[in-house]
Amino acid sequence: MSRTKANRREFLQQSGTVLAGASLVYQASVARMAHAAGSDVLKVALIGCGGRGHGAAQDCLNAAENTVIVAVADAFADRARGVARALRENEKFKGRVDLPDERVFVGLDSYKAATDCGVDIVLLCAPPGFRPWHYRYAIERGKHVFMEKPCCTDAPGYRVLVETNKLADQKKLKVVVGLQRRHDPRYRETIARIHDGAIGKLMYTRVYWNGSGVWIRDRQPGQTEMQYQVHNWYYFVWLSGDHICEQHIHNLDIGNWVHGGHPVEANGMGGRQVRTGARHNNNVGHIYDHHFVEFTFADGTKMFSQCRHIPNCWNNVSEHAHGTEGYSNCNGLIEGARRWRYQGPSVNPYVEEHKNLIRAILKDEPLNDGHHAADASMTAVLGRMATYSGQVVTWDEAVAKGPAEVPPPEKWTWDAEPPIKPDASGSYEHLVAMPGVYKPY
């Protein structure tokens, strides 16, 4: 999609705001500002106490001196209490962690209690399948939101996101999503130049997240099936969306950004070579370990997408844009007639995204990452539907007809039956999608 020079000027204004966030002027001003409620302290609740949740809480505290963690919640007691203890004992944040035991909440519905603690910001870092409903609850309660990616794992969840984003805008609430490349000036400046024609007319993009894989959590004695799946959430489609959603969304979001919107259709192929029950004691759920997708955008341009979780293969996490007059890595480099390298400041984008959220709250400036993040999440879902089915899958049909993977919140209990079940041997192999048999909708 072509962009005008007015878009370029608008970007530079926004980019200037981002760069100012890294300055001492910004840090000094935060202490003097007050948010809409009239207090100079922003109270924060963390929902989801895994590694990324703990990291997001620290990033939020590092972003500004006036943030205070006052509540945490997790489905599992050991995680909630462990992160609460770690935050309390972190000398760097002394005086900025107010976490009595009564504000350490446990259970699948604990997100409600944490949200309702009189906080200003909620950090939504629980497994992605729960995210649309956690987000809706927070916005309905008038909270500003930081939420991790992906933001949904199925089409019904995407539709919840779209409606909730509208409500957030109506309420003038601020939303940031953990697609941190959007808050990195290297990406922002590079993609602005691409939109201004630095590589000529865009022809196609290539995006990759190829790696060896992530953690596997063994089944624990006494766990119900629901507890096991939530504990080992990465390997179940209803909770993670498959690794094309959970990790590769970062690269897909960059592709969407470069192309100027979401794709209109996808086709692809994928499978499961190493995630077999025999090798991993059945602790690998039913997701694929590799996907390749060709996405098509409304203007006919293509995005070629690879993601893989197989050891001892070519690893690559990157994005690339190819135009009629040049090439860009989307991250500080343009080659061709308008050769350029980024020479601006470097930031920690994981902290920068929280700085931008806090600044928007304090200055009451519009900020809602939820729109592009919802589209990026659905792009990943679209790709998964294409690889699982072996069919050409269109955006409009996928959004309207895509099946619900996640049960409704009223069924989020430990003794409830999860939406998928192992066979008598404990294996999930019978649930692995078979192209040509699996129906996308």
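Author: A definition comes first: axes are lines fitted to C-alpha atoms, for helices over the stretch in contact, and angles run from 0 to 180 degrees between N-to-C directions. This is a predicted model, in which local features need pLDDT of at least 70 and side-chain atom pairs count only at pLDDT 80 or more, while totals for chains, interfaces and linings use all residues. Residues are numbered from 1 along each chain as its sequence is written, and side-chain values use heavy atoms, with hydrogens and water left out.

Reader: Why are α7 and α15 called roughly antiparallel to each other?

Author: Helix α7 (residues 155-170) and helix α15 (residues 370-389) pack at an angle of about 175°, with their axes 9 Å apart. Angles over 145 degrees count as roughly antiparallel, under 35 as roughly parallel, 65 to 115 as roughly perpendicular and the rest as oblique. α7 and α15 are therefore roughly antiparallel. Both are DSSP runs, as are all elements named here: helices are H or I over at least four residues, strands are E over at least two, and numbering starts at the N terminus.

Reader: Which residues of α7 and α15 meet?

Author: With contact taken as heavy atoms within 4.5 Å, Ala155, Tyr158, Leu161, Asn165 and Asp169 in α7 meet Gly370, His371, Ala374, Asp375, Met378 and Val381 in α15. The residues of this contact divide into 6 nonpolar, 3 polar and 2 charged. Here Ala, Val, Leu, Ile, Met, Phe, Trp, Tyr, Cys and Pro count as nonpolar, Asp, Glu, Lys and Arg as charged, and the others, Gly among them, as polar.

Reader: What makes a set of residues a nonpolar core?

Author: The set must consist of buried Ala, Val, Leu, Ile, Met, Phe, Trp, Tyr and Cys residues joined through side-chain atoms within 4.5 Å. Buried means under 20% relative accessible area, exposed over 50%, and partly exposed in between (1.4 Å probe, protein chains only). The largest nonpolar core has 80 residues, and Tyr135 and Val230 have the most contacts inside it. α15 gives the most to this core, with 10 residues. Another core, of 30 residues, lies apart from it and includes Ala57 and Ile358.

Reader: Why is proline 408 called partly exposed?

Author: Proline 408 has a relative accessible area of 32%, and this value falls between the limits of 20% and 50%. Proline 408 is therefore partly exposed. Proline 408 lies in the segment after α16 (395-401). In space, proline 408 and tryptophan 133 are 8.9 Å apart, C-alpha to C-alpha, although 275 residues separate them in sequence.

Reader: How do you know that β1 and β2 pair?

Author: Two strands pair if DSSP finds at least two bridges between them. Strand β1 (residues 42-47) and strand β2 (residues 67-74) are joined in the parallel sense over 6 bridges, and alanine 45 has alanine 71 in β2 as its bridge partner. β1 and β2 belong to an open sheet of 6 strands, with parallel pairing and the order β3-β2-β1-β4-β5-β6.

Reader: What makes β3 and β6 edge strands?

Author: β3 (104-106) and β6 (175-177) each pair on one side only. The twist averages 20° from one strand to the next.
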